[in-house]
Amino acid sequence: MPQNPTGGDILVRVMRRHGIDTAFGVISIHNLPLIEAVDRELNFVAVRHEARGRKRG
């Protein structure tokens with residue numbers, strides 16, 4: 001963890017604490033810093049539409 005963590009770094013820390021190793025999401029200019037942080041340490045799967053990222057079953 002960097003000395004001055006970003007919001008993305010904190011997000012990754014919380015996700016890891018909850019046992020999450022993969023995240024799904026839509027990439028946009030507005031969430032790019034979060035996605036970059038997640039993609040550095042977790043598996044990130046880009047989807048084209050929000051409905052494709054939801055859990056089925």
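Which residue in β2 is the bridge partner of Gly25? The views below, taken from a predicted model, begin with that pair.

**View A. Strands β1 and β2 pair in the parallel sense.** The bridge partner of Gly25 is Ala46, in β2. Strand β1 covers residues 22–25, and strand β2 covers residues 43–46. Their pairing runs over 4 bridges.

**View B. A β-α-β crossover links β1 to β2.**

**View C. Helix α1 packs against helix α2.** Helix α1 spans residues 7–17. The two helices pack at an angle of about 45 degrees. Their axes lie 8 Å apart. The crossing of α1 and α2 is right-handed.

**View D. Residues of α1 meet residues of α2.** From α1 come Gly7, Gly8, Asp9, Leu11, Val12, Met15 and Arg16. They meet Leu34, Ala37, Val38, Arg40 and Glu41 of α2. The contact residues divide into 6 nonpolar, 2 polar and 4 charged.

Conventions:
Residues numbered from 1 in each chain as written. Predicted model: local features only at pLDDT ≥ 70, side-chain atom pairs only at ≥ 80, totals over all residues. Heavy atoms only, no water. Pairing = 2+ DSSP bridges. Right-handed = clockwise from strand over helix to strand, strands pointing away. Axes fitted to C-alpha atoms, helices over the stretch in contact; angles between N-to-C directions. Left-handed = near helix turned anticlockwise from the far one by under 90°. Contact = heavy atoms within 4.5 Å. Nonpolar A, V, L, I, M, F, W, Y, C, P; charged D, E, K, R; others polar.
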